[in-house]
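Reader: Please pick one part of this chain and take me through it closely. Start with the whole, then zoom in, and give me the cut-offs as you go.

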Amino acid sequence: QVQLVESGGGLVQAGGTLRLSCTVSGTIFSINLMGWYRQAPGKQREPVALVTSDDTKRYSNSVKGRFIISRDNARNTMALEMSSLQPEDTAVYYCNLIGKGAPGHLPESFWGQGTQVTVSS
């Protein structure tokens with residue numbers, strides 16, 4: 001079974017930086033897409049940054065220029081470097097992977113348990 005574990009969340013002042021990490025364990029045959037999502041209290045979960053299998057990266061308009069997503073295929077990890085953090089970035093951040101467990105299988109979506117990021121003003 002594929003498991004994703006996030007780390008690196010915490011409390012930071014506005015203007016500060018944080019680095020989130022996501023470690024993937026278990027058997028995965030191929031990865032189509034990896035990404036970071038966030039969910040603020042009372043709001044729906046939203047995509048923040050995505051990276052494809054060919055390392056194409058996409059960002060939401062709200063974080064473009066401030067956040068950087070990266071992945072290390074050899075280590076099965078993904079990171080999110082967050083800078084110039086603002087109170088509106090406060091949310092639980094989740095990592096996500098869409099991939100196949102074995103050849104011929106349909107792609108599945110896997111989620112981590114989330115890590116809290118709180119930005120104080």
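Author: Of the chain's 121 residues, 37% count as buried. Buried means under 20% relative accessible area, exposed means over 50%, and partly exposed lies in between, with a 1.4 Å probe and protein chains only. This is a predicted model: local features need pLDDT of at least 70, side-chain atom pairs count only at pLDDT 80 or more, and totals for chains, interfaces and linings use all residues. Residues are numbered from 1 along each chain as its sequence is written, and side-chain values use heavy atoms, with hydrogens and water left out.

First, the whole. The chain has 0 helices and 11 strands. Both are DSSP runs numbered from the N terminus: helices are H or I of at least four residues, strands are E of at least two. The radius of gyration is 14 Å, close to the 14 Å of the globule rule for 121 residues, so the chain is as compact as a globular protein of that length. That radius is taken over C-alpha atoms, and the rule is 2.2 Å times the number of residues to the power 0.38. The C-alpha trace spans about 50 × 25 × 25 Å along its principal axes. Take contacts in the chain between residues at least 6 apart in sequence: 56% join residues at least 24 apart. A contact means heavy atoms within 4.5 Å.

Now β4, residues 30-39. Strands of a sheet pair through backbone hydrogen bonds, either parallel or antiparallel. Two strands count as paired if DSSP finds at least two bridges between them. β4 runs antiparallel to β9 (residues 91-100), with 9 bridges. β4 also runs antiparallel to β5 (residues 46-52), with 6 bridges. The hairpin of β4 and β5 has 6 residues between the strands, and G42 takes a positive phi near 80 degrees there.

A49 in β5 stands opposite W36. The W36 side chain reaches the backbone oxygen of A79 at 3.4 Å.

R38 also sits in β4. At 6% relative accessibility, R38 counts as buried too. Y93 in β9 is its bridge partner. The side chains of R38 and Y93 are also joined by a polar contact of 2.9 Å. A polar contact is a pair of N or O atoms within 3.5 Å; within protein, one must be able to donate a hydrogen and the other to accept it, and residues adjacent in sequence count only if both atoms are side-chain atoms. Leaving out residues up to four places away in sequence, R38 touches a list that includes Q44, R45, E46, F67, E88 and D89.

I68 stands opposite E81 in β8. β7 and β8 (residues 77-82) pair antiparallel over 6 bridges. They belong to an open sheet of 4 strands, ordered β1-β3-β8-β7, with antiparallel pairing. β1 (3-7) and β7 (67-72) are at its edges with a single partner strand each, so one side of each has no neighbour in the sheet.
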